[in-house]
Amino acid sequence: MSFHLLPFQCSSKAYIPVASLIIITSVAPFVIPSFLINLLIMTYMAAGAAMAWNIAGGFAGEFSLGHSVFFGLGAYCSTILFTDYGVTPWIGIFVGVFMNVCLCVIIGYPTLKLKGHYFALATIGLVGIFFNLAKYFKGITHGSIGIPMIDQPGFLDMLTTSKLPFYYMFLFLMLLTLLVSFIIRKSKIGYYFMAIREDENTAAALGIDPTRYKMFALLISASFTSLIGSFYACYIQYIDPTTVFDIMKGVNWALLSLIGGAGSVWGPLVGAFLVEPFNVLVKSAIPGHYGFVSNIIYGLLFVFLALTVPEGIVGYWRRRFKK
Amino acid sequence: MDIFLQTIVNGILYGSVIALFSIGLTLIFGVMDVVNFAHGEYIMLSIYGAYGLHRFLGIDPYTGIPIVAIAAYFFGIVSERSFIRPIINQAVSVKIIVTLGISIIFQNLALVFFSPNTRAIQTWYTVKSLHVGGIEISLGRLIAMAITIFIMIILHAFLNRTKYGLAIRATAQDKTTAQLMGMPSYHIYTITFGISILLTSIAGCCLAALYPFSPTVGTQYVLIAFVVVVLGGLGNINGALVAGLFIGSVHNIVGTYLDLTLAPPIYYGLFITVLILRAVGYLEKLQYKLKSFRGGK
């Protein structure tokens, strides 16, 4: 049985996990202890960012380790506009997306000519550039001191006293990214992305313009990452170059996607839901610098999973159980 | 003018250590086609090794080089067997994840065991400097540069005059043919990785003697190493030396005349540009033009 209400073909089987996800996550804040809300917010953020990465990295094969640059640029745009110019973040987040689109267009065309680890290295270089530029242009970005957001609760300013609105905002962002991933995966565009990923020359020979579609994938991916970055800034209410242009954030999203299964829709979400809560919990449970133990386990998990199931958890599950 | 000369001299001194830790990375890449993201952590571990020798046995970093180097060689061999060999034939993304994962593991192990505090080693040569014609040359750094030159000579001799060196170069050029000629590739990979870590550990000892360090220092060094490796040509050892000196000079020139925070954007920008020019084939075109220009004469 298939539905034709949505712009892609989808069997009813997909609706059950999605619906249950939506219901459970919407109701969750009222039934779980409140200290877990932050954990879930961080998880949704990681899941959304991982799915955004997946659009470029998983579907289109643009293995980027520098997604932090979009995150940071989005965060800085909305925060600077709010703190220094009084522009409400609701507009600021779209300015952030616009800046990221410009960045992609300028940097993307030359950089997308690179493949594999060269592209990954170039994206790392990009993060490094922006990190240092953020520290250097103190006049605009307040440099290494960072920008705290003044506490004036109000809907227009996207500042609130309780975490609940942010819970739903990040949940919404995550579900939105999931929906977009679904749409891309099942549509012609997604097909083109995957064709380019598998064999760019053959795709070009078949009439798919690789440059255009690779750019498109990067643009979508960057835009969502930027949105998440801007929301993050509003949630944490303080940003500085070290936090938002942190390479490890972007690397983490790539790793989460790969663990869950890059190239699949659910993969990044599965990866994020498995790893991120564990990470946050262990970090807060073990005090002092012994908290880094969580990262060791995290690293071990990645190495182990990469060596045993390189296609990710979802890929492995499909291979074994969906004959 | 004096300031400029001083800057250049400091740049070359700094650059020689950079070149030293980048040679290992380019060697691995040239022979095994693996981008070792964990390279920075090997640098960091050898720094701490040198620090440990200094703190508990009173051996100063430069004297401790043979000990650290031999330990590093064996550590490299063990590493290669454990997690590099399984990934050599896998997809690029797997190579990246595994080496990144190892980097995360090592860095966090160091953070747990060595604490995130920044430390430094003080030795008699850290504070002494030579004065040559108005320029001050730090003795510690001069020794590091001498070590680099010495190592380069030995490496050159090893690669070009010995049987193992020949095997490594052959495997780097064409693995299958080398295998057909009787050179066991996987064995060579192991040795190459060991040598790479050995070279890196020597650089680590120099760094321990000269600059402050903490467990996260690996990340910043490995980024510089990537830049050097790409600028010098992946797999090109002499190129890594030249590129290392160049990056060291750029770093110091930008630091003196502009702002130290601007140095990374400049060399990352160069890095990305060179990567793109390589991919587009412009560098080959340039090389061809230069060759034909010379030939035309």
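This is a predicted model: local features need pLDDT of at least 70, side-chain atom pairs count only at pLDDT 80 or more; totals for chains, interfaces and linings use all residues.
1. **Disulfides.** The count is 0 disulfides over all chains. Take A:Cys77. Its closest cysteine sulfur sits in A:Cys102, 9.4 Å away, so the gap is too far for a bond. The cut-off for a disulfide is a sulfur pair within 2.5 Å. A:Cys102 is likewise in no disulfide, and its nearest cysteine sulfur is that of A:Cys77.

2. A:Cys77 counts as buried, at 13% relative accessibility. A:Cys102 is partly exposed, with a relative accessible area of 27%.

3. **Helix crossing in chain B.** Helix α10 (residues 237-257) of chain B packs with helix α11 (residues 263-280) of chain B: the axes come within 9 Å and cross at roughly 145°. The crossing of α10(B) and α11(B) is right-handed.

4. **Residues at that contact.** From α10(B) come B:Phe246, B:Ile247, B:Val250, B:His251 and B:Val254. From α11(B) come B:Ala263, B:Ile266, B:Tyr267 and B:Leu270. By class, the contact of α10(B) with α11(B) has 8 nonpolar residues, 1 polar and no charged.

5. Strand β1 (residues 129-132) of chain B pairs with strand β2 (residues 135-138) of chain B. The sense is antiparallel, over 4 bridges. B:His131 stands opposite B:Glu136 in β2(B).

6. **The turn.** The hairpin of β1(B) and β2(B) has 2 residues between the strands. There, B:Gly133 takes a positive phi near 55°.

Note on methods. Residues are numbered from 1 along each chain as its sequence is written. Chains are lettered from A and ligands numbered from 1 in the order in which they are written. Side-chain values use heavy atoms; hydrogens and water are left out. Buried means under 20% relative accessible area, exposed over 50%, partly exposed in between (1.4 Å probe, protein chains only). Axes are lines fitted to C-alpha atoms, for helices over the stretch in contact, and angles run from 0 to 180 degrees between N-to-C directions. A crossing is left-handed if the near helix is turned anticlockwise from the far one by less than a right angle, and right-handed if clockwise. Contact means heavy atoms within 4.5 Å. Ala, Val, Leu, Ile, Met, Phe, Trp, Tyr, Cys and Pro count as nonpolar, Asp, Glu, Lys and Arg as charged, and the others, Gly among them, as polar. Two strands pair if DSSP finds at least two bridges between them.
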